[in-house]
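Have it open while you read.

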There are 2 protein chains.
Amino acid sequence: MESLKSKDRLDHKITLVHELLRKHRLTEQIVHNGDSPRKELLESILHRQNLVELEQKLKRMHTADLAHIIELLPPEDRLIVWSRVCDQCGGEILLEVSEAVRKNLVNDMSEDQIQSALRQMDGDDLAFIADDVPDAFLQMRLASLSSEEQDWILASLNYSEGTVGDLMSNEMVIVHETDTLGQAELHLRSLRELPIHNDKLFVIDLRGLFKGVLPLQSILLNEPDVRVADVMVTKVVRFAPYDDASDASMAFERYDLISAPVVNARGKLLGRLTVDVVMDYLRERSGDDVLNMAGVEKDEDLFSPLMDSVKNRGVWLVINLFTAFIASRVIGVFEDTIVQLVALAALMPIIASVGGNTGNQTSALIIRAMSKGQITDENTKHLFRKEVGVSAINGLMLGTAVGLFALVFYQDVALALVISVAMLLTLIVAAVLGMVVPVLINKSGRDPALGSSVILTATTDSIGFFIFLGLAALFLV
Amino acid sequence: MESLKSKDRLDHKITLVHELLRKHRLTEQIVHNGDSPRKELLESILHRQNLVELEQKLKRMHTADLAHIIELLPPEDRLIVWSRVCDQCGGEILLEVSEAVRKNLVNDMSEDQIQSALRQMDGDDLAFIADDVPDAFLQMRLASLSSEEQDWILASLNYSEGTVGDLMSNEMVIVHETDTLGQAELHLRSLRELPIHNDKLFVIDLRGLFKGVLPLQSILLNEPDVRVADVMVTKVVRFAPYDDASDASMAFERYDLISAPVVNARGKLLGRLTVDVVMDYLRERSGDDVLNMAGVEKDEDLFSPLMDSVKNRGVWLVINLFTAFIASRVIGVFEDTIVQLVALAALMPIIASVGGNTGNQTSALIIRAMSKGQITDENTKHLFRKEVGVSAINGLMLGTAVGLFALVFYQDVALALVISVAMLLTLIVAAVLGMVVPVLINKSGRDPALGSSVILTATTDSIGFFIFLGLAALFLV
């Protein structure tokens, strides 16, 4: 029986695996460095003992836990664990891990192992994993399926990532509207195993058109001779295959759904979307905004190969470098002013830093509200006014503070006034940009978070320097 | 029947409400400015017509949609809509909206309205909402409940936010292990309405101790004379009331749960956790990291009162200001060097900007991995080496690029070399800080994202300036 606290239990397992791997590495080192043959033999036995113990522990774990542990292990340890569990439940684990890790694991598999993993998967699974396994193996596995299943997979592959069609499954229990509840119950009993999250049956008419759903409990709560059509629910949240998966996930949350029908434009029932898939999708994306804002593409895994990470992040750093060059040239224009009043050089990063963070605060709010579907054309104007208002008030306060700071260190009232005004203006511009940047990225059809922080801080830097040094050139020297 | 695309349908509703509100405001203005009494009467009728139309549209909407629309409306519009729907389904809407909006709505309610909304709530709802309604009203409502329900609410209030106990419900169907499936089915039929997400029944023994669960479908798939104890599932993921809610949400995702028992240390069944509550919790928190990194507390609503927002964000900006003062003083130390070589002033923000973003990339990865439970003491060392490696390679490339930039604009080989080396060193330090800052914030018991971006950019600024100007002072002047 599982212990009380699922979290502590999992943490315990993780520590155990780490511990066994550490022992394994230790004995491996001794084996390699061993000088006396006798010692070598002894250590080699120890070594094998550790691996056997590891294998036994792994065999007793839930595949979901195995997948989690495999994800958090560094590459070399990951492959040791993978080689122990791959034959037994490789298919399921491949389905659970993230895309980056999946590619890493597939690369390490023999042809036989890939084929055996694919044999553990059904049509939905194969469609889900299709992009990440060599095509030849996929074709071989497909050939062994029924033509019905093949059609389903080919249809699924047509839906692009992030659509409902891509996430839907064909495992569902279907009844006809003319059936009685007794017949529906008999049908259920005739199935050896029910699909996961089978909270309702799907009702179609003779032409295969979707008519409604029959909650499982209405079979239990009504008499067996009642007709399905009389108790089925027709007011149902349904999805079209090309609907956006993140909209669907919001609908699942809003209407507390467990499963929902996917219906095409002609009213034909195509498949079923379930809450577990929706939750995986939500979870998978839940940290994406954080990464995107900072300029990291989402499919970087913790232990992605070094050069993949370098390339992935380098792109945004190069963009960052070019925008920093622009900021640098803005300052370059004012070099004469700085030579005459070197205090400007020491003070200007304050403007840039606070400006950048103010912009980030606004854009973080907008990005979160966008991902919750809360931004409309109509409320943008109100938001705009509010954000500028908040920045103006903060600008007045922080402007005063930075003015006092300048006065203390440079005893120059004019300089203090200039930096106060520059801070106020920069913060107002930063708030405007903090709204405009994510909105523009979004309008360009990309994720509004993608690189927003990089673009934003670069722009506020240049503008902040220009405002501060420009005012200084006009009024101070 | 609901239309095909739930997202478009909702968007359409939102536009409609916006439109009616716009009309309403327009006629209201005309009414107030109207000069001829006849025109005034006419407009006033129009005015009332709009509100009636609005009210009719609102009445036909799902409460979850109403809650969503109320959240995205600016305050004045929000209260107009709220006053139209509050009497009818105010209780449900209050439960759906975010905390900040809930407080805003409660402030606008009359005493009668609050009491009527509370009457629409059951014990779980009242416990959930307790912090956001005036205590007197809550007490009044509590007094009208059974002593059993009262005990439940008081117990619930003891669990702090973010624990399983805070999210669990007491609505569940319980059977005894000695019952037969036929008796269990009879028990189900005797209930007029089943709890939401009732995918399984909970099995207890005579002492009330939790023994296992009975999936709904095992009643359908087995004969009625089979004993519950013989078909119940005993290997069940269960939670303790003080378990962390985010750990529980990961377990729900990992093991594809719909509902799970909450059991205390003595093995007594306390309540039930369901997937809808877990999803709400996930969703509610899904944008928190983005906000926290930028220094915005999570309970800021899009249209929070201006001064609340000023205070909320000002705190982090003040921290930011102090750290910027430090960076400014670092530069101040090198003012003599800058006067001799003013190019330093123009170049130094490049180092600070790229350094800040490099640190942010690393910390974003770490923060996401932390929130997915992927960081362990054992893999931190590997991660550390990898992150430093990525930064070193990027530092070499970007350092070369910035060196060439310096060479082009200032024709100074020594300066170009100094800035190249400074870039490399700063990026390595930034990667180290990008790992250390979230880990330290996390160790201090706070959300690792909270203010990480503010702290990080400030630190990389100071260190970057110090490295660059320090090297320049040593080798260039």
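The points below cover the ground rules, the interface, the salt bridges and the cavities.

1. Ground rules. This is a predicted model, where local features need pLDDT of at least 70, side-chain atom pairs count only at pLDDT 80 or more, and totals for chains, interfaces and linings use all residues. Residues are numbered from 1 along each chain as its sequence is written, chains are lettered from A and ligands numbered from 1 in the order written, and side-chain values use heavy atoms, with hydrogens and water left out.

2. The interface. Chain A puts 153 residues in contact with 153 residues of chain B (contact means heavy atoms within 4.5 Å). Between them the two chains bury about 13,200 Å², and 64% of that is on carbon and sulfur atoms; buried area is the accessible area (1.4 Å probe) that two parts lose on being put together, summed over both. On the chain A side, A:L220, A:R283 and A:L302 lose the most area to chain B, but together they make up 7% of what that side buries.

3. Polar links across it. There are 30 residue pairs in polar contact between chain A and chain B, both residues being at pLDDT 80 or more. (A polar contact is a pair of N or O atoms within 3.5 Å; within protein, one must be able to donate a hydrogen and the other to accept it, and residues adjacent in sequence count only if both atoms are side-chain atoms.) α19(A) gives the most to the side of chain A that touches chain B, with 19 residues; helices here are DSSP runs (H or I, at least four residues), numbered from the N terminus. That side has 76 nonpolar, 39 polar and 38 charged residues, with Asp, Glu, Lys and Arg as charged, Ala, Val, Leu, Ile, Met, Phe, Trp, Tyr, Cys and Pro as nonpolar, and the others, Gly among them, as polar.

4. Salt bridges. A:R313 pairs with B:E387, with the closest N and O atoms 2.7 Å apart.

5. Cavities. How many cavities of 30 Å³ or more does the structure hold? Three. A cavity is a set of points on a 1 Å grid over the protein atoms alone where a 1.4 Å probe fits but cannot get out, and lining residues have an atom within 4 Å of a point. Grid points are joined across faces, edges and corners, and a volume is the space filled by probe spheres set on the points. The largest cavity has about 280 Å³ of space and 20 lining residues, with A:S353, A:T457, A:D461, B:S353 and B:D461 nearest its centre. Its lining has six nonpolar, 12 polar and two charged residues.

How values were computed. On a 1 Å grid over the protein atoms alone, a cavity is a set of points where a 1.4 Å probe fits but cannot get out, and a pocket is an open set with protein on both sides within 12 Å along at least five of seven lines; lining residues have an atom within 4 Å of a point. A salt bridge is a side-chain nitrogen of Lys or Arg within 4 Å of a carboxyl oxygen of Asp or Glu. Helices (H or I, at least four residues) and strands (E, at least two) are DSSP runs, numbered from the N terminus.
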